[in-house]
Amino acid sequence: MNILHLLRDHFRQALLALNIADPDKFLDLVKPATDPRFGDYQANLAMPLGKLLGRPPREVAADIVAKLDLDEVAEAPEVAGPGFINLRLRSDWLANQLLAILPDERLGVAKVGNPQTIVIDYSSPNVAKPMHVGHLRSTIIGDALARTLRFLGHCVITDNHLGDWGTQFGMLIYGYKHYRDDEALKRDPVREMLRLYVLVRQKIKEAGGASEDEEEEAANPIAEACRRETAKLHAGDPENLELWRRMMPWCLAELERIYRRLDIHFDYTLGESFYHPMLAEVVQDLLQRGIATYSDDAVVVFLGDQQPPAIIRKRDGAFTYMTTDLATIRYRIEKFHPQAILYVVDFRQSLHFQQLFTIARRWGYRDVRLEHISFGSVLGADRKPIKTREGGAIELEALLDEAVRRARAIVDANSPDLPEAQRAEIAEAVGIGAVKYADLAQNRTSDYVFNWDKMLAMDGNTATYMQYAYARIRSIFRKGEISPEEIQRVRESPQLPTPEERNLALWLLRLPEAVENAANEYKPNYITSYLWELANAYNAVYQNYPILRAPDETLRRSRLVLCDLTARAIGLGLSLLGIRTVEQM
RNA sequence: GCCCCCGUAGCUCAGCAGGACAGAGCGGCGGUUUCCUAAACCGCAGGUCGCAGGUUCGAAUCCUGCCGGGGGUACCA
């Protein structure tokens, strides 16, 4: 049950009773209070309505209040200042709502009334080279959105659109032909692939001098040789094709290892190579329909004077990723019939997606929502984007290892009595969680200054803080020898005698708002903000009042209800972000 | 040149379909441990919300201009 929706429904009725023509456009002005002094929720709609009706806002507010039927839910509304309507929810109502969600696995978060089929395209790394921090955002944000939308009842299809057909394969093929170590290949093909990739890059760098300038690279003999191998692959050269087929599973295994560690799974992994056979036909079709035209021997789509044209076939006959993306849209629509396709890709590609979507609509795909869920760059300490080609990019795995190592050090210090295997498991959950949370807690659209310490911090608004709060609650149940299930069967509404407990109750009931907001705007940081508020509200109770040793049995049970709900809300929130909880830390 | 994004406390960032004195984390300073995990809690210090106009009863939030930073911009993805 979403409190905000409930209140808005009541306000809609009140406005209708006052003959307001279009009440819905004012309902956004019902929102959580900006300050606890003003109650729990506030409605700011009397001011614009006053203007509309040519009446003093305070009078309008009074009229609305008179028509409001909120007696069961809230205390008497107060009109304040220029016409704010302040609402304070009744504590007994809060308590009853808590009781209602106590046995509910979803903790009151409803499924959407109109489930949609949503394809989410995220992660999409280039295979054949190690994933680095630059891949983190798309992977983690995409995964969190997929989990959240799925939880809300949508039919989510995740698709990892791998870069498995590009120049990096030319490099690998070149490396394979010139530098491979057959022994190593037999022993550990994945590692040998990595070695070859790194080696070839090294050779290119040496051949091109100190600079990695594009033009110099063009004249670089080794880079040129790699490009030739790529071209041969695309042209169907049997030897290179065979090498590609051999190497792909190795590359995929390497990726899969990291995805498993991150607990990320895709419904489909259809890379660029999958669409390669369709590209010529796509270009033909676009030409036939008059959407594309020839220009300077290339095939392009003109998009008006403000934008450069989009090239779908280069002068040399090669296709571009625009062509691939168009083929992908057509395939996804024909296969999945989605209402939306979301691309979780960094903001620098916004022009590309703008063009892509424009062409797709001209092509006839108008009934599907195409959205670029963009996010900011990962910046270095110098505030410059960490570039893929730069040697300085931090490999994802090294980041994860370091995070887990730090977590392990704390676990060892804090819980030396736990068995080794359990400590290792906790460190993994805490370390990976820290990395994910640090990214998700950030506004998606902002740039991101990469910093080891910040990313791996375990205090403040971090996954560790949430996991710790969770673990401590579970510890209370263990110590009290009470099973959560037993508490979940409680039939009486919890007591909320103190401000801290009441505040915690309110936050527990606001989970649906947080999840729905996050989904509506595709912003996981709404969930992290919520969790932070919730955990703080809980800590205020935990710090100030005994739970197992509460003054009487009723209060004890009541507090245990709050504890159980808090733990589950944290667990649920973290699970939507792809972060695990642990029973002990 | 044109287009997009950003500029909030020492640092990193929330807040931005306008709302009542601008928030957090970290860092700094000072406290809390016979008590359910101190990976915690409490307090203090710290900001002309880049600048200037405009719209509005009300602007960090919307509009315009300027300054500063980043990104993109026909054959790389």
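Predicted model: local features only at pLDDT ≥ 70, side-chain atom pairs only at ≥ 80, totals over all residues.
Residues are numbered from 1 along each chain as its sequence is written, and side-chain values use heavy atoms, without hydrogens and water.

**Around helix 15**
- H352, F353, Q355, L356, F357, I359 and A360 are buried (under 20% relative accessible area; exposed is over 50%, partly exposed in between, with a 1.4 Å probe and protein chains only).
- Their cover includes helix 13 (279–288), helix 14 (321–336) and strand 10 (340–346).
- After the helix comes G364, with a positive phi near 115°.

**Aromatic pairs**
- The structure holds 17 aromatic pairs (ring centres of Phe, Tyr or the six-membered ring of Trp within 6.5 Å; planes under 30 degrees apart are stacked, over 60 edge-to-face, the rest tilted).
- Y174 and Y179 are edge-to-face, because their ring centres lie 6.2 Å apart with planes at 65°.
- Y174 is buried at 10% relative accessible area, while Y179 is partly exposed at 25%.
- F274 and Y331 also pair edge-to-face, at 5.0 Å and 75°; F274 in helix 12 (residues 272–275) and Y331 in helix 14 are 57 residues apart.

**Charges over rings**
- The charged end of R180 sits over the ring of Y176, 4.6 Å from its centre (NZ of Lys or CZ of Arg within 6 Å of the ring centre and within 35 degrees of the ring normal).
- R510 lies over the face of W507, 4.7 Å from the ring centre.

Key
Chains lettered and ligands numbered in written order. Helix = DSSP H or I, 4+ residues; strand = E, 2+ residues; numbered from the N terminus. Contact = heavy atoms within 4.5 Å.
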